[in-house]
Amino acid sequence: MAERALYRLPDEPLPSGLSRYATDPLWPLLTLMLAGGGFGLAWFAFNSAALGSPTRTREWGCVALSLLGAPALVIAVTVAVGAGWLTPAAAQYALLSVLLLKVAVAYALYLMQQRTFDIWEHYGGEPRNGMPLTILLAVVGRGALDLSALPPLLRAALQ
């Protein structure tokens, strides 16, 4: 009895029960830019599972990097100012590293998911329109989530 040879594409999406909720990764990226990192990163993580992305572990690692890295950078800058290594004026520039981290992670997530999304859509996947949710989160979600009431480190992660 001959064994069946299995051929698998490395970028081939894995079937998922959530695939009917998959969206173009452009929408989580826009949500991250308009409604904040909390909503955008959560959507990227969900979309990764919905697409059955083969790079899902790497994508969730990027989400964790953004959520944990932003507070770590805020702490590092605060310690540097407290120790006298940075002036308060220079700290403002150093805090731009938080924004840089978030933008770089968001773009990396977009690129990883776009590759999988293209293959998924080519083989018959029908994406949901993410525009209504993006608008809802940008207009209502951002205002409903009062970030000023949160602790500063949590605010740094979710903003």
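I started with the largest pocket, which comes out at about 370 Å³. For the record, a pocket here is an open set of points on a 1 Å grid over the protein atoms alone, with protein on both sides within 12 Å along at least five of seven lines, and lining residues have an atom within 4 Å of a point. Its volume is the space filled by probe spheres set on the points, with grid points joined across faces, edges and corners.

Ground rules: this is a predicted model, where local features need pLDDT of at least 70, side-chain atom pairs count only at pLDDT 80 or more, and totals for chains, interfaces and linings use all residues. I number residues from 1 along each chain as its sequence is written, and side-chain values use heavy atoms, with hydrogens and water left out.

Next, the lining. I get 18 residues around the largest pocket, with Val 98, Leu 99, Lys 102, Ala 156 and Gln 159 nearest its centre. Helices H1 (26–35), H5 (96–122) and H7 (152–158) each give two or more residues to this lining. H5 supplies the largest share, six residues. Helices are DSSP runs (H or I, at least four residues), numbered from the N terminus. By class I find 12 nonpolar, three polar and three charged lining residues.

Met 131, Leu 133, Ile 135, Leu 136, Val 139 and Val 140 make a nonpolar patch of about 540 Å². Such a patch takes residues with over 30% relative accessible area and no salt bridge, nonpolar side chains being joined within 5 Å; a salt bridge is a side-chain nitrogen of Lys or Arg within 4 Å of a carboxyl oxygen of Asp or Glu. I placed Val 139 in helix H6 (residues 131–144). Val 139 counts as exposed because its relative accessibility is 60%; the cut-offs are under 20% for buried, over 50% for exposed, and partly exposed in between (1.4 Å probe, protein chains only).

Two more residues. Asn 47, in helix H2 (residues 37–51), is buried at 0%. I put its C-alpha 8.5 Å from that of Asp 24, 23 residues apart in sequence. Leu 67 sits in helix H3 (residues 56–82) and is partly exposed at 31%. From Leu 67 to Pro 151, 84 residues apart along the chain, I read 14 Å between C-alpha atoms.

How values were computed
Patches are made of residues with over 30% relative accessible area and no salt bridge: like charges are joined within 9 Å, nonpolar side chains (Val, Leu, Ile, Met, Phe, Trp, Tyr) within 5 Å. Accessible areas come from the Shrake-Rupley method with a 1.4 Å probe; for residues, only the protein chains shown count as cover. On a 1 Å grid over the protein atoms alone, a cavity is a set of points where a 1.4 Å probe fits but cannot get out, and a pocket is an open set with protein on both sides within 12 Å along at least five of seven lines; lining residues have an atom within 4 Å of a point. Ala, Val, Leu, Ile, Met, Phe, Trp, Tyr, Cys and Pro count as nonpolar, Asp, Glu, Lys and Arg as charged, and the others, Gly among them, as polar.
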